[in-house]
Amino acid sequence: MNGPGAGKDRGGKDRGGKDRGGKEFAAQALAARLPPLLVAAERVAATVAGGIHGRRRTGPGETFWQFRRYQAGDPASAIDWRQSARATPLFVRETEWAAAQTVWLWRDGSASMDWRSHPDLPTKRDRAELLTLALASLLLRGGERVALLSGALPPTAGGAALSRLAEVLAGESTASLPAAADLPRHAEVVLVSDFLSPLDEIDAAVRRLASAGATGHLLQVLDPAEETLPYAGRIRFAGVEGEGETLVRRTEDLRDAYAARLAAHRDGLAAITRAAGWSLTSHRTDTPPQAALLSLHVRLAQPRGMGAR
Amino acid sequence: MLALGPLGFAAPWALGALALLPVLWWLLKITPPSPRTLRFPAVRLLLGLESREESTARTPWWVLALRLAAAALVILAVAQPLIHPAQPLPPAAGPLVIAVDDGWAAARDWAARRAYLDELLGRAERAGRPVLVLPTAPPADGGPVAASPMATAAEARARLQALDPKPWPTDLAAATAAVAQLPRERSMQAVWLSDGLDDGHATELARALQSLGGGLEVVTGRTGRVMMPPATDTPPDQLALTVRRLAGSAEPERVAVRGTDGSGRVLGREEAGFAPGQGEARIALRMPAELRNRLARIDIEGEQGAAAVALLDESWRRRPVGLADVGAAAAPLLGPLYYVEKALAPTAELSRGDIGQLLDRDLAVLMLADGPQAPSATGDRLARWIEGGGILVRFAGPALAHAATEGGETDPFLPVRLRAGGRSLGGAMSWTTPQGLAPFPESGPFAGLAVPADVSVNAQVLAEPTVELADRTWARLADGTPLVTGQRRGKGWVVLFHTTANAEWSNLALSGLFPDMLRRLVGLAEGVATPSSGPLAPAELLDGYGHLGQPGGAASALSGDLAAISPGPRHPPGIYGSAGARIAFNLGPRIGSPSEIRPPGGVALTRLGERQGEIDLKPALLAAALVLAIIDLMVALALRGLLPRAAAGAVLLGALAGVPPPAHAGDFALDAALSTRLAYVRTGDATIDRKSRAGLAGLSRVLADRSTASMADPMAIDLDHDPVLFFPLLYWPVTAGQKAPSAAAVDKLNDYMRRGGVIVFDTGADGDAAPHLRDITRDLAVPPLARLGEDHVLTRSFYLLKEAPGRFDAGPIWVEDGAGPANDGVSPVVVGGNDWAGAWAVDDQGRPLFAAVPGGERQRELAYRFGVNLVMYALTGNYKADQVHLPAILERLGR
């Protein structure tokens, strides 16, 4: 895999500074392929701090909004002298109030993500972090603010935020599903995980977030071996997170049954997201990460609700 | 004991376990190998899924075979298989008594004896029997001959491993007494490992051992041979040696005798054979008197043992000869004893003075020229000296002729009575012509010397014809008149030459015969053996193997009559006395003539070597089983996916081969190329290799001191594997054991020489290996060689040299004949036999390791200079060739 993902495919348990820097760099390179992301803000809360989404009203911002007559109390520096020279009254230049939206990111940092079926593949966690960072990079370049759902990173904007985000991600390991967070209403949430937990747990977590008014996207990252079950013979399968173990006598016999179960699980996931009005995307670690990023990009750029419909 | 042909099992019951192998096979077959364990995040999706049929959870057949083989090997090992097993000892039949002859005669095949004892103890160990060991020679600490306390076979093994042959005879009588003191509550089986000699008490000992009640087995090996010291009164150019063996030995044998000097260099070697039944072999070791004087030791080649060595002391060495000289101021060619001195200087130690002074020293021979000094002046002293073994050699002359004419009292120091007046032949007033010599009589000391035709005698003194005259005449003129007469006086001789010792009366002194005659006369002398009386402290003593070492144990000083002292712990054979006067106390003449043992009836006598020793296969089998177990472990791990396949293969191969990964040739090249250094060819002989390394290190040190060539530590080259092209100079000590280089190595060396490398062949590093040089260099592209000339660049390249000695200064140096245009005219090979590395070799402190002979430190310095020249030659080529033309250039400049 040339290009974006190459820098981070080194994988491995050592998540040191070098690796982190590499991942950040790879994420930026990946994001550079896509245009800056501007999240379609449907509703703008008045409490949201200034940003670059036009609020269609005057306020602090950079885009010209209107001229109005000078009123007593306006500072002299606010007078637009060029406009005032055309007529008798003095005019003051007003700008449109721009506001940014915060996207709350979360990726699964549990042990099950630290797995790969072949040394040439990245672990699921590596791939998930890469996608998270690439998305953050896109958002930040679009002027949006990003935050971590786990609360480790408050909403931040600007180029330096990406470094901090990468740093926090590298040191953080979380449970398989996001905990309840103190989200502002109508927040935008992106969850990246393998979503192999039982469906009812996933459902509960999504409901918890959706009930706070958040809209979201689920990105399921899977290892190819988890989709195809390429093993044969007598194998004792052991869970990574203490799910128990099972002795399979002829693994090749189970392949179809396993595929059916996985499809059922996916259907369940889709149902959950549909019910919440969220969207679901799937990604395999043996495919290039650009595809997943592009699809996330499209979902985030769509007006709310369209992804689910 | 179960025997299957040459294979036997000491614990055959263990073989019954082989019946369990099918059970094991069945067990292994029904027990599936444990499954691979795989960590899998999506295991939840798998939980509860059931496959329809049981997988082929069977162990692969080859794993099964591997495990069964390992089990079978363990079972076989437990059964203790032995190849050529000996008859086992009956278990629990009381202790085993092992009498071991550890006298001088057992040293010859001590290794075989020790192996036999080892095997015997192994049998005793298996039978679980305690062991008593009885060495029959008196121990070195002077204690009595006694049996060891009863011990287990393992403890006795340690005791016997430490047992060494002693340099003195066994004491079978004492051993018999020791056997008699053994406790007798149980019957004991006895084994007597005899040295084959019977000192008269062998039968007693055999009976005593037999009386222990458990039966007796007598085992003998090869009995040591005895090197008798040479007789002292042999002709000077040869040593008559005698080697004795057990009288009545039936088989023919070869025996090689060699004489070595004090530093171990072999000076002479001679072979002889024993005919069947012959107990004595006589060998004449021919060597020049110069070499003979350096002999320090004569031994039987390839045989160890104190009796196989005869040490030589001063009595075999150079004879001190006194020249009673009166006319020291006389002109060289006219001096009365000038020719005598010249003739004897190479072989004898000469001292000059008047008779009185000379008799103060130890003298073997006194040469007395004609002159005014009458021997009777010293009277009784001279007479006593002659009686004690001195040889007085007188020469006639005018004074003696005058004294004979005068008459008066008879000169007592003449072998014959002289007639008045001399006899002059061929003078102006004489009818006769000068007389030549008649052939020497067969009985005299000059027997066998060739008579040159050109010797003539002009004048002589004449003897009174008496009855004894013919017996006393050792040489006569052609007309029958005596020329040399001699008379025995006590142990000594009085000899008279009836003519002068210079050319005045005859030209005998000018002939080549004269030195031979004088040497024969000196050879008659017994030498000055006896140093001052009093006890002689041991200086160096022989051990049981015939090596000289520091005295220890109970060795004490010799005193009294040496012939009456018998060797033993108190007086081991060796060298006694202080530095000035050393006495060789040899075992050979003091052994007497023991006969071969004849065991009493009913006792079996077996010989070592008639039966092959048993070989225990148990360790080998256990090792093989262990290897199989390791392989099985690897296989099991690999089958469960716990071992990466490549790693498994590597570990398996490593375990099987047991070899470390090969060293990188790159490291060698890096080391060799990063700094300039000398190199030597590794011969495989550790001594030679160490010497080469030390020699080149010493030369590198000298080079760093004296020139700007700073060499790193020398390196050893393995011709087959290492590249040679990095080194300016390759030192190649030629040894006898070296094989010719392989084809690849030959190509490499030829290429090296073609590109300017210099190979120095040294045939002197390992004795005289010159004949092997031809074999080694057969395939090499060696150019035609010529002797190193005086104007060769090699003699000019740093120092101006005339010779190129090494540790020895023997033989010429060979270089390429005529400098070709290639490589600056540097000869690709330098061949010599001077053992240069030996002269260069220094230890860590920079002290030389070997003596340079004969030139000493001066020669070593020259060797270093030659080495510096050699390296400069290799490094700079013909840079100094102009030096050769310097005289011509100077001449041209001056013109």
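What follows is a short chat about a predicted model with chains A and B.

Student: Before we start, what are the ground rules here?
Tutor: It's a predicted model, where local features need pLDDT of at least 70 and side-chain atom pairs count only at pLDDT 80 or more, while totals for chains, interfaces and linings use all residues. Residues are numbered from 1 along each chain as its sequence is written, chains are lettered from A and ligands numbered from 1 in the order in which they are written, and side-chain values use heavy atoms, with hydrogens and water left out.

Student: OK, the interface. How many residues does the contact take from chain B and from chain A?
Tutor: Chain B gives 25 residues and chain A gives 31 residues, with contact meaning heavy atoms within 4.5 Å.

Student: And what's the area buried between them?
Tutor: About 2900 Å², with carbon and sulfur atoms giving 64% of that. Buried area here is the accessible area (1.4 Å probe) that two parts lose on being put together, summed over both.

Student: Which elements of chain B supply at least two residues each to the side that touches chain A?
Tutor: Strand S3 (36-39) and helix H2 (43-46) of chain B do. Those are DSSP runs numbered from the N terminus: helices are H or I with at least four residues, strands E with at least two.

Student: Do tell me about the strands, then. What pairs with S3(B)?
Tutor: Strand S8 (residues 235-238) of chain A pairs with S3(B) in the parallel sense, over four bridges. Two strands pair if DSSP finds at least two bridges between them. Within that pairing, A:Phe237 stands opposite B:Leu38.

Student: Where is A:Phe195?
Tutor: In the loop between strand S6 (188-193) and helix H5 (199-211) of chain A.

Student: And B:Asp835, buried or exposed?
Tutor: B:Asp835 counts as buried, at 0% relative accessibility. B:Asp835 has a positive phi of about 50 degrees although it is not a glycine, and lies in the loop between strand S39 (829-832) and helix H21 (836-840) of chain B.

Student: Last one: how many helices and strands in chain A?
Tutor: Eight helices and ten strands, and buried residues make up 49% of the 309 residues in chain A.

Note on methods. Buried means under 20% relative accessible area, exposed over 50%, partly exposed in between (1.4 Å probe, protein chains only).
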